[in-house]
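Student: I would like to go through the terms used for this structure. Please set each value against its rule.

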Amino acid sequence: MTHLTLHVGPIGYNRKRLVIACLDGLEHQDRFDTDVSFQRQKFIQAVNGKFGVAPDDDEIIRLADEEDDRAEAVKEWTAPEPLPTELSPVLPFDEWLLPESVAPFVTDVADRMQCPLEFPAVGIMVAIAGVVGRKIGVRPKKQDDWTVVPNLWGMIIGRPGVMKTPALDEPLKFLKRLEIEAKKQFDDDGKQFAVAEILGEARKKNLKRVLEQAVKSGKDCPEDIAAQMLEEDSKQPTRRRFTCNDTTVEKLGEILNENCNGVTIVRDEIYAFLKTLDKEGHEAARGFYLEAWNGTGRYTYDRVGRGTIDIDAACVSMVGSIQPGRIGEYVRSAVKGGSGDDGLIQRFQLAVWPDHVKKWQNVDRWPDTDAKNRVWATVQMLNNLDPATVGAVADEDGDTPYLRFDDDAQQRFDEWRAGLERRIRSDEMAPALESHLAKYRSLIPTLALLIHLADGGSGPIPAEPLSKAIRWGEVLESHARRIYGLAVRPDISAAHALAKKIADGSLADNFTLRDVYRPCWAGLANKEEAQIGVDLLIELNWLRAEQLPTVGRPTITYLINPVFFKKAPSDELTKLTKPLCSTPFVSSVSATPGHISENTPSADTPF
């Protein structure tokens, strides 16, 4: 059925209103005083002459009165306060922070993929950490024996489609290349082992006959012959591992037992890894990863099937990607003291959530081969690194060789450390964020060592790599504040989600709390999220609670600040073919003259 839609605007000059009648995409408009009868009749006659149907005189008066009531309501409300920013700002990332040997490669990847620089930057630093592993550590204090092993846990955060996976894959290809070469070497060693084993078995048979004769005669020393037989046992080759993707913690223990330098766990979607550790029965696995983050702790497995497995030092680096909504629930668990409040999330020190690259351009060119080859040469150098050649020393107990800072860098680090300790003891930030920043004690020396080694440095770590590491810390802290802000102020995210639903007309005046959480909208999926969002909007004068008496418990509804229903200036109303809001000040007139029916169109209210 065809309907005539009527729009009545606010009072303008000389009490004239802009009144628009719309039918099938056509419109008739005029400005007149709706309180004057003959002016209303003149408008009705014009509409009827054009469309063959016209609004009722009383309808024009009713809509004009509703607009006046709306204007009065707006006067009673104070102006709404702006919503706090949903995501806290992050500091810009600069290629200067990277080792000079890898910076051109990282910028090349980010440019070709049109992704944030942080994505490949985190990937390459974790890759470097995985190669260095426990070969060499750093002692951040001038005399103390506190040693930091430079393994890293990284996490890149972004919504789907922002090139997380491709950007992370590029720097990790160097680890995969090492893995492939190590597999090939292992296969070759396996063939040689098989040959040696066959020859050894033949020699052992001969020695066994000699041993039997020696035992019978009592002349030759059978013990020497038995020892010689043991020497014929060939040592089975072990496969050098650099990466793992999906492994049980028991199998990871076996891998680490054979690879004392450590391995890097690569998970495209790290959410699955975190959910696995959350499951009942995986408490031991979670505890193992918590200890393996240190890179220094000895770990012993005792299992009925696998027996006893001794790991001299469990050392694991880790990197993966995750979506904002997924990381939010883990951060909230850490803040609220749930199962996630054990420091696991805080161990992802290289966690970045950069702003989305809004400007896109098509970049279609060959990758920078020179930059890629330089990174590969750096990775090979670090893989074959002899700690002694860069001046690293080891204690008598044979523990991890280490470097220290030079005098200038030591002074700078001590000053930075003093500032960090004051901040995390000030009780001015959320405990979860305090725990995260506390782990920068080891992060900054780790980054300084890796930058120093990647650029071919030797001897004590100078001030420049440390300066880069400290700047890394400042940038990463801004990302940490954005990440932990999801939990520290969950009401902001909920309020933004609620405001969007008000803006698109999904919620109208006098909505209830159930209207908010029943549709399970993102960020408003339960009663708690809906309530904190509503409470913040009330505090900011976007909403007002109203209690309606009922037979049982009173019903609380929420009124929307009429400011959000104000139309564009009257001269802009000519562009409108539908009302801007869901509050009824619009009626539809049936094609049958004299019949009027109410109609509430979809809202399109901008904030």
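Tutor: Start with the axes: they are lines fitted to C-alpha atoms, for helices over the stretch in contact, and angles run from 0 to 180 degrees between N-to-C directions. Helices (H or I, at least four residues) and strands (E, at least two) are DSSP runs, numbered from the N terminus. This is a predicted model, in which local features need pLDDT of at least 70 and side-chain atom pairs count only at pLDDT 80 or more, while totals for chains, interfaces and linings use all residues. Residues are numbered from 1 along each chain as its sequence is written, and side-chain values use heavy atoms, with hydrogens and water left out.

Student: What makes α5 oblique to α11?

Tutor: Helix α5 (residues 164–217) packs on helix α11 (residues 369–383) at about 55 degrees, with the axes 10 Å apart. Angles under 35 degrees count as roughly parallel, over 145 as roughly antiparallel, 65 to 115 as roughly perpendicular and the rest as oblique. The angle of about 55 degrees therefore makes α5 oblique to α11.

Student: Which residues of α5 and α11 meet?

Tutor: Contact means heavy atoms within 4.5 Å. F174, R177, L178 and E181 in α5 meet K372, V375, W376, V379 and N383 in α11.

Student: What makes F93 and W472 an edge-to-face pair?

Tutor: Rings of Phe, Tyr and Trp (its six-membered ring) pair if their centres lie within 6.5 Å; planes under 30 degrees apart count as stacked, over 60 as edge-to-face and the rest as tilted. The count by this rule is 9 aromatic pairs. For F93 and W472 the centres are 5.0 Å apart and the planes 75 degrees, hence edge-to-face. This pair links distant parts of the chain: F93 is in the loop between α2 (57–76) and α3 (103–113), W472 is in helix α15, and they are 379 residues apart.

Student: How do you know that β5 and β10 pair?

Tutor: Two strands pair if DSSP finds at least two bridges between them. Strands β5 (residues 153–157) and β10 (residues 316–322) have 5 bridges, in the parallel sense. M155 stands opposite G320 in β10.

Student: What is the strand order of the open sheet?

Tutor: The order of its 5 strands is β6-β7-β10-β5-β11, with parallel pairing. The edge strands, β6 (243–244) and β11 (350–352), each pair on one side only.
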